[in-house]
Amino acid sequence: MHMTLQGKPTASPRVRLIMIVCLLPLVLITIGGLVLLWPQGPEQDLPGGGPMTNTAPGVSHAEARVTAVDASNCETSEPDPMLEADCMEFTAEVDGQEGSLYVTPDAIVSGVGVGDSLKVLDFTKSTDRAETETDYVFIDYDRDVPILALAIIYGVVVLAVAGFRGLRALTGLAFAGVVLIVFMLPAILDSKPPILVAMVAASAIMVIALYLAHGVSTRTTTALFGTVAGIVITGLLGAWMTSWANLGIAYSEEGFLLTGTTDVSLADLIVCAILVTGLGVLNDVTITQASAVWELAAVAPELKSRQLFSRAMRIGRDHIASTVYTITFAYVGSALTTLLIVSAHDQSFFETLTLGEMALEVVSILVCSIGLVIAIPLTTALGVLVVRSGLRPPPRVAPSQNSNPRSQEQNSATDPALD
């Protein structure tokens with residue numbers, strides 16, 4: 001006889017008390033870590049941080065609109081972006097004042113034209129105006145409106161599909177952004193231990209984001225414990241692998257800038273990047289596994305612990321396969337430019353994957369994947385222990401006096417609920 005629970009399964013009072021006792025130290029350690037690691041020094045302004053920082057005296061940033069493009073002085077037979085940057089004449093308007101605009105060759109290739117909104121350096125009030133021989137210098141396109149519009153569309157879609165839970169998830173995402181920008185990045189620049197900072201930030205994000213998005217329950221707490229376990233495994237494995245593979249070398253302009261102007265360890269910074277990258281994926285797999293265990297327990301409360309774990313892991317194995325693809329393709333997409341450049345050189349594929357920035361990508365993929373793969377059975381096992389503590393076996397129906405004993409034996413042998 002197949003019976004289902006009335007209402008949602010929940011943990012026993014004893015298990016709930018144990019979970020609270022385990023949760024409180026995690027919350028207290030996270031709060032203590034935030035207090036101890038909170039950046040105390042003044043905000044750092046690194047030299048050479050990019051075209052939008054550290055401009056010369058008299059030079060300011062501005063938003064411009066291209067009003068005219070004159071290519072009459074250029075030869076049209078075989079256009080060369082390097083030559084076009086010198087022969088093409090651009091005119092831009094900033095706050096109602098028109099002036100000459102220098103556009104870089106790569107921007108010319110992208111097709112800068114009349115009406116485009118740009119971010120520029122304004123040299124009209126600079127003493128270097130005579131040397132630059134232009135009023136404005138192209139920095140980048142002004143993408144404020146398109147990106148804001150896309151963010152609004154994203155929010156509307158999430159709210160339309162997920163409703164109030166989607167709103168809570170967006171609130172958690174905003175909180176995560178605040179933690180990263182206000183705490184984690186300044187603390188690392190303030191010479192706090194980067195790996196500890198990343199772990200504290202990850203813990204704070206998960207505690208708030210999970211309960212905001214999924215509510216306060218034993219199921220959410222189970223997912224939280226699984227996520228924290230995955231974070232610890234990923235952090236330890238990342239630190240060990242980064243040291244063993246000697247990955248703490250500056251391969252990019254940003255890396256050289258940090259090593260030359262700060263005390264930040266690139267090896268520790270790589271571990272931080274791995275932790276932050278794997279955070280969202282860990283949250284995904286742990287909450288999915290916890291939900292799977294609870295739903296299976298709701299529809300089949302007669303399942304034994306081993307059976308419940310086995311069925312939940314069937315879902316987990318499918319999730320492992322799809323999530324590993326997700327991590328790999330995300331990293332490949334972010335490193336596509338590097339892959340194209342490297343593939344044009346005459347070297348073996350394995351050698352390509354073990355050199356420079358590609359080695360960083362490979363290690364990140366493997367470490368994140370190992371962390372999430374281990375987190376799935378851990379979360380599933382914990383979920384089974386928690387949910388089974390509150391289940392009660394379905395009541396046995398007393399056999400009727402008029403029942404046929406042979407018929408009852410046959411039903412008992414064929415009914416899986418009684419196994």
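Reply: Start with a network. E63, K119, D142 and D144 are linked by salt bridges. Keep in mind that this is a predicted model. A search of the whole structure finds 7 salt bridges.

Which residue does the side chain of E63 meet in a salt bridge? The partner is K119, at 3.9 Å from N to O. This pair joins distant parts of the chain. K119 sits in strand β4, residues 117-122. E63 sits in strand β1, residues 60-70. Is E63 buried or exposed, or in between? E63 has 48% relative accessibility, so it counts as partly exposed. The cut-off for exposed is over 50%.

The side chains of K119 and D142 meet in a salt bridge of 3.7 Å, N to O. D142 has a relative accessible area of 18%, so it is buried. Buried means under 20%.

The side chains of E93 and R65 meet at 3.1 Å, N to O. E93 belongs to strand β2, residues 89-94, and R65 to strand β1. They are 28 residues apart, and again the pair links distant parts of the chain. E93 is partly exposed, because its relative accessibility is 25%. R65 is partly exposed as well, with a relative accessible area of 39%.

Where is D135 found? D135 lies in the loop between α4 (129-132) and β5. With a relative accessible area of 15%, D135 is buried. What does D135 touch, leaving aside neighbours within four places in sequence? Its contacts are G99, S100, L121, D122, F123, T124 and R129. Take S100 from that list. The side chain of D135 reaches the backbone nitrogen of S100 at 2.9 Å. Take L121 as well. D135 and L121 are 14 residues apart in sequence. In space, their C-alpha atoms are 8.3 Å apart.

Finally, turn to a pair of helices. Helix α7 covers residues 218-244, and helix α13 covers residues 356-389. Their axes come within 8 Å and cross at roughly 150°. That angle is why α7 counts as roughly antiparallel to α13. The crossing is right-handed. Which residues of α7 meet α13? Among them are T218, T222, A223, F225, G226, A229 and G230. Further along α7, I233, T234, L237, G238 and M241 also take part. On the α13 side, the residues include V363, V367, I370, G371, I374 and A375. L378, T379, L382, G383 and V386 belong to the α13 side too.

One more residue of α7 is worth a look. T221 lies in this helix. Is T221 buried or exposed? T221 is at 8% relative accessibility, so it counts as buried. Not counting residues up to four places away in sequence, T221 touches M19 and Y211.

Notes: Residues are numbered from 1 along each chain as its sequence is written. This is a predicted model: local features need pLDDT of at least 70, side-chain atom pairs count only at pLDDT 80 or more; totals for chains, interfaces and linings use all residues. Side-chain values use heavy atoms; hydrogens and water are left out. A salt bridge is a side-chain nitrogen of Lys or Arg within 4 Å of a carboxyl oxygen of Asp or Glu. Helices (H or I, at least four residues) and strands (E, at least two) are DSSP runs, numbered from the N terminus. Buried means under 20% relative accessible area, exposed over 50%, partly exposed in between (1.4 Å probe, protein chains only). Contact means heavy atoms within 4.5 Å. A polar contact is a pair of N or O atoms within 3.5 Å; within protein, one must be able to donate a hydrogen and the other to accept it, and residues adjacent in sequence count only if both atoms are side-chain atoms. Axes are lines fitted to C-alpha atoms, for helices over the stretch in contact, and angles run from 0 to 180 degrees between N-to-C directions. Angles under 35 degrees count as roughly parallel, over 145 as roughly antiparallel, 65 to 115 as roughly perpendicular and the rest as oblique. A crossing is left-handed if the near helix is turned anticlockwise from the far one by less than a right angle, and right-handed if clockwise.
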